[in-house]
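Subject: Structure handover

Hello,

Here is the structure I promised you. Please open it first, then read my notes below.

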Amino acid sequence: MTEAQKEQRRYALAISGGVCEVCGAPLNDGQPQGAHRIGNTQSNRAKFGDLVIDHPLNIGYTCSLKCNAALDISKNPAACIELCKKIYNREALKYEGTK
Ligand SMILES: [Zn+2]
């Protein structure tokens with residue numbers, strides 16, 4: 001494992017509480033998989049923008065490919081809008097008081 005991969009893994013374990021977001025299995029043993037909630041596809045990038053697709057809130061950590069697929073909300077427009085709201089609210093905090 002490279003230093004960058006180790007770093008990514010530490011980050012994954014830290015923000016996920018060390019467990020798979022879908023099934024609750026510990027992530028320590030397996031290879032944690034970063035899963036996009038809104039899928040990382042060209043059409044989603046065109047629709048939602050890189051800010052949303054690459055945002056940490058759009059990534060969940062799961063234990064397996066099966067759990068990875070369960071996180072995908074691409075086909076649920078209401079859930080996508082809800083997540084976008086969260087992401088934009090989070091980003092807006094960075095600029096609080098600078099307007
Ligand atoms: Zn899992």
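Start with Asn 68. Asn 68 sits in helix α4, residues 65–70. (Helices are DSSP runs of H or I with at least four residues, strands are runs of E with at least two, and both are numbered from the N terminus.) Asn 68 counts as buried because its relative accessibility is 18%. (Buried means under 20% relative accessible area, exposed means over 50%, and partly exposed lies in between, with a 1.4 Å probe and protein chains only.) Leaving out residues up to four places away in sequence, Asn 68 touches Gln 33, Gly 34, Ala 35 and Thr 62. (A contact means heavy atoms within 4.5 Å.)

A word on the source: this is a predicted model, in which local features need pLDDT of at least 70 and side-chain atom pairs count only at pLDDT 80 or more, while totals for chains, interfaces and linings use all residues. Residues are numbered from 1 along each chain as its sequence is written, and side-chain values use heavy atoms, with hydrogens and water left out.

The zinc site

Which residues coordinate the zinc ion? They are Cys 20, Cys 23, Cys 63 and Cys 67, each through SG, at 2.3 to 2.4 Å. (Donors are N, O and S atoms within 2.8 Å of the metal, or 3.2 Å for Na, K and Ca; water is not among the atoms, so sites may look incomplete.) The site is tetrahedral, with angles of 104 to 115° among the four donor atoms. (Four donors count as tetrahedral if all angles lie between 85 and 135 degrees; four count as square planar and six as octahedral if opposite donors are over 155 degrees apart and all others between 65 and 115; anything else is irregular.) Along the chain, the donors of the zinc ion follow the spacing C-x2-C-x39-C-x3-C. Cys 67 is buried, because its relative accessible area is 10%. Cys 63 has 27% relative accessibility, so Cys 63 counts as partly exposed.

The fold

The chain has five helices and two strands. From the N terminus on, the order is α-β-α-α-β-α-α. Strand β1, residues 33–36, runs antiparallel to β2, and four bridges join them. (Two strands pair if DSSP finds at least two bridges between them.) His 36 stands opposite Ile 59 in β2. Strand β2, residues 59–62, is covered on both faces. Ile 59 and Tyr 61 are buried on one side, Gly 60 and Thr 62 on the other.

The cores

In soluble globular proteins, nonpolar side chains tend to be buried together. Here, the largest nonpolar core has nine residues: Ile 38, Phe 48, Val 52, Ile 53, Ile 73, Cys 80, Leu 83, Cys 84 and Ile 87. (A nonpolar core is a set of buried Ala, Val, Leu, Ile, Met, Phe, Trp, Tyr and Cys residues joined through side-chain atoms within 4.5 Å.) Two or more of these residues come from α3 (50–53), and two or more from α5 (77–93). Helix α5 gives the most, with four residues. Phe 48 touches Ile 38, Ile 53, Cys 80, Cys 84 and Tyr 88, again not counting residues up to four places away in sequence. A second, separate core has six residues, among them Ala 12, Cys 20, Ile 59 and Tyr 61.

Further out

Where does Arg 90 sit? Arg 90 is in helix α5. At 45% relative accessibility, Arg 90 counts as partly exposed. Arg 90 touches His 55 and Leu 57, not counting residues up to four places away in sequence. Arg 90 and Leu 57 are 33 residues apart in sequence, and their C-alpha atoms are 9.1 Å apart.

Asp 54 is in the loop between α3 and β2. Asp 54 is partly exposed, at 46% relative accessibility.

Gly 97 lies in the segment after α5. Its relative accessibility is 76%, so Gly 97 counts as exposed. Gly 97 and Asn 44 are 53 residues apart in sequence and 32 Å apart, C-alpha to C-alpha.

The chain as a whole

The C-alpha atoms fill a box of roughly 45 × 35 × 25 Å along the principal axes. Of the 99 residues, 30% count as buried. Among contacts with a separation of 6 or more, 61% join residues 24 or more positions apart.

Best wishes
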